[in-house]
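Subject: Structure handover

Hello,

Here is the structure for your files. My notes on it follow below.

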Amino acid sequence: MALELCVLLWATDGNDDALTRYEDTVLALVPKHGGRVVSRVRRAASDRGGESGGDDGAPLEVQVIHLPDDAALQSYLTDPERVALADVHRTVIARTDLIRVETLV
């Protein structure tokens with residue numbers, strides 16, 4: 001069964017741009033696992049409160065990703081190239097929420 005995922009990401013203090021660079025790298029792996037990045041947006045600089053992520057608790061980046069099934073998701077999450085960046089992930093990402101969604105429009 002095909003998966004639609006909404007990924008919400010919060011950066012650690014001062015690491016907004018580093019989070020974006022990290023995501024540039026790991027999202028490039030999604031097609032290797034049969035998926036595609038449908039949408040990727042970042043909060044406008046005026047709403048971020050500088051590099052601190054703002055005070056309203058909203059994520060820095062939101063993505064919508066389609067994958068063919070749970071096996072493809074697990075394959076992506078355990079991809080050796082992605083796993084090799086685990087230290088970067090821990091340094092730049094404060095929080096990740098992964099939500100299964102359905103497209104309405």
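Contact here means heavy atoms within 4.5 Å. This is a predicted model, in which local features need pLDDT of at least 70 and side-chain atom pairs count only at pLDDT 80 or more, while totals for chains, interfaces and linings use all residues. Residues are numbered from 1 along each chain as its sequence is written, and side-chain values use heavy atoms, with hydrogens and water left out.

Two loop residues come first. Helices (H or I, at least four residues) and strands (E, at least two) are DSSP runs, numbered from the N terminus. L29 sits in the loop between α1 and β2. Leaving aside neighbours within four places in sequence, L29 is in contact with Y76, D79, E81 and R82. L29 counts as buried because its relative accessible area is 8% (buried is under 20%, exposed over 50%, partly exposed in between, with a 1.4 Å probe and protein chains only).

Not counting residues up to four places away in sequence, H33 touches L67, P68, A72, S75, Y76 and D79. The H33 side chain makes a polar contact with the side chain of S75, at 2.7 Å (a pair of N or O atoms within 3.5 Å; within protein, one must be able to donate a hydrogen and the other to accept it, and residues adjacent in sequence count only if both atoms are side-chain atoms).

Regards
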